[in-house]
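Please have the sequence and the 3D view open as you read.

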Amino acid sequence: MTESLTLAADEEHEEPPPRDRGRRGLLIGAAVLVLGAVAAGGVVLSSRTDGPAAPAAGARTGTAAVVRTDLVQSERIDGTLGYAGSYTVTGPRGGGIVTWLPDVGVTIARGQRAYAVDGVAVPLFHGSTPLYRTLEEGVDDGPDVRVVKRNLKALGYGDELADDSRFTSGTAEAVRDWQEDRGRERTGKVAPGDVLVEPGPVRVTEIPGIVGAPAEGPLLRLTGTRRVVTVDMPVGRQQLAGRGAAVRVRLPGGKETDGKVSRVGTVARAVASGGPDRQAQGAPGEATVPVEVTLSKPADVGALDGAPVQVDFTSERRDDVLAVPVPALLALAEGGYAVETPEGRLVPVTLGVFAQGRVEVSGTGLREGMRVEVPLP
């Protein structure tokens with residue numbers, strides 16, 4: 001349903017009689033107060049019956065239609081665009097010399113080289129359990145065995161391998177084939193440090209390691225490849241961020257895209273007072289919880305990383321209701337509010353949700369499509 005705003009026309013918008021004009025000046029002033037309160041982010045309406053000084057008599061007015069529509073009230077909170085997950089890769093046990101590192105921004109997929117020590121490439125495997133022992137025939141069953149078998153199979157080795165945690169002779173043979181293709185000795189064993197295990201594909205964000213230096217301490221800092229927005233949500237507004245709730249994300253430059261709340265943290269932290277906590281939303285000392293938003297169309301954000309964004313969280317929604325532009329409201333001297341028809345008839349209204357520059361209205365005599373007066377800028 002489309003709202004229409006009609007510009008003033010002499011034959012349609014005659015000046016109201018002096019009695020109405022004086023009242024209009026008073027009432028429009030009060031309506032401005034209402035609009036100001038909404039613009040400030042609140043929905044509290046002034047109950048005063050005397051407004052500020054009335055504008056000059058004969059203020060220009062237009063008309064707008066009463067529309068039936070959906071109103072969504074939202075709260076806008078700052079966030080940061082980035083990637084999900086954060087991982088630090090440390091040097092393997094036994095040390096060695098770092099002989100190769102990737103570039104910042106590079107994405108590493110399963111089986112691809114993550115780094116190299118002593119001239120031996122360390123590829124990426126996907127999984128949730130890192131290798132913590134040497135795996136070979138006869139080793140006890142364990143989730144690390146399952147990680148190796150799944151990755152070998154995904155890379156084209158051991159098509160007949162079962163999806164279990166047992167290291168069989170077939171597993172050892174698949175390992176040998178994989179080792180041979182990588183120019184390694186065919187031992188049939190996999191030791192910690194032979195592969196890097198992360199939950200999925202990763203993206204390099206920082207390289208603390210140095211080629212030619214001992215492989216000790218942090219070598220790489222990584223993230224996942226899934227685009228997300230993170231928000232530090234004040235605990236007092238945590239109810240806005242229900243898991244799965246739809247949100248609207250405003251990107252730098254004004255472009256908007258959709259997303260959903262994918263994770264809500266359970267550990268609150270206090271906002272640093274005067275510190276560098278740039279994304280903190282609350283007042284100093286107010287606790288926040290991390291909220292993660294997954295983008296519905298990641299391509300909309302392009303290559304942006306670490307960019308500030310704004311996220312609109314829905315606080316209230318009203319479907320299929322009558323609404324008018326907020327400036328159409330007139331605060332009555334006797335209390336309450338009304339809208340005025342082009343014929344000068346006041347129609348008392350009960351207010352509902354304010355959103356998107358409109359306000360939900362209801363009342364006897366109000367109907368969809370009827371026109372009400374609004375002040376012109």
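Within strand E10, Val202 is the bridge partner of Ile108. Strand E6 (residues 107–108) and strand E10 (residues 202–206) are joined by 2 bridges and run antiparallel. Strands here are DSSP runs of E with at least two residues, helices are runs of H or I with at least four, and both are numbered from the N terminus. Two strands pair if DSSP finds at least two bridges between them.

E10 also pairs with strand E11 (residues 218–223), in the antiparallel sense and over 3 bridges. There, Val204 stands opposite Leu222 of E11.

A word on the source: this is a predicted model, in which local features need pLDDT of at least 70 and side-chain atom pairs count only at pLDDT 80 or more, while totals for chains, interfaces and linings use all residues. Residues are numbered from 1 along each chain as its sequence is written, and side-chain values use heavy atoms, with hydrogens and water left out.

Now to an open sheet. Its 4 strands follow the order E5-E7-E8-E9, with mixed pairing. At the edges are strand E5 (98–100) and strand E9 (196–198), each pairing on one side only. On average, neighbouring strands of this sheet are turned by 35 degrees against each other, direction ignored; the axes are lines fitted to C-alpha atoms. E5 runs antiparallel to strand E7 (residues 113–117), with 2 bridges between them, and Trp100 has Ala116 in E7 as its bridge partner.

The antiparallel pairs are gathered here:

| Pair | Bridges |
|---|---|
| E5 and E7 | 2 bridges |
| E6 and E10 | 2 bridges |
| E10 and E11 | 3 bridges |

Which residues of H3 are buried? They are Thr171, Ala172, Ala174, Val175, Trp178 and Gln179, where buried means under 20% relative accessible area with a 1.4 Å probe, protein chains only. Seen down the axis of H3, these buried residues fall within an arc of 160 degrees, so they line one face of the helix; the arc is taken from the directions from the helix axis to the C-beta atoms. Their cover includes strand E8 (120–126) and helix H2 (143–154), through contacts, meaning heavy atoms within 4.5 Å.

For the whole protein, the secondary structure comes to 3 helices and 22 strands. Of its 377 residues, 40% count as buried.

Methods: Buried < 20%, exposed > 50% of the residue type's maximum accessible area, 1.4 Å probe, protein only. Axes fitted to C-alpha atoms, helices over the stretch in contact; angles between N-to-C directions.
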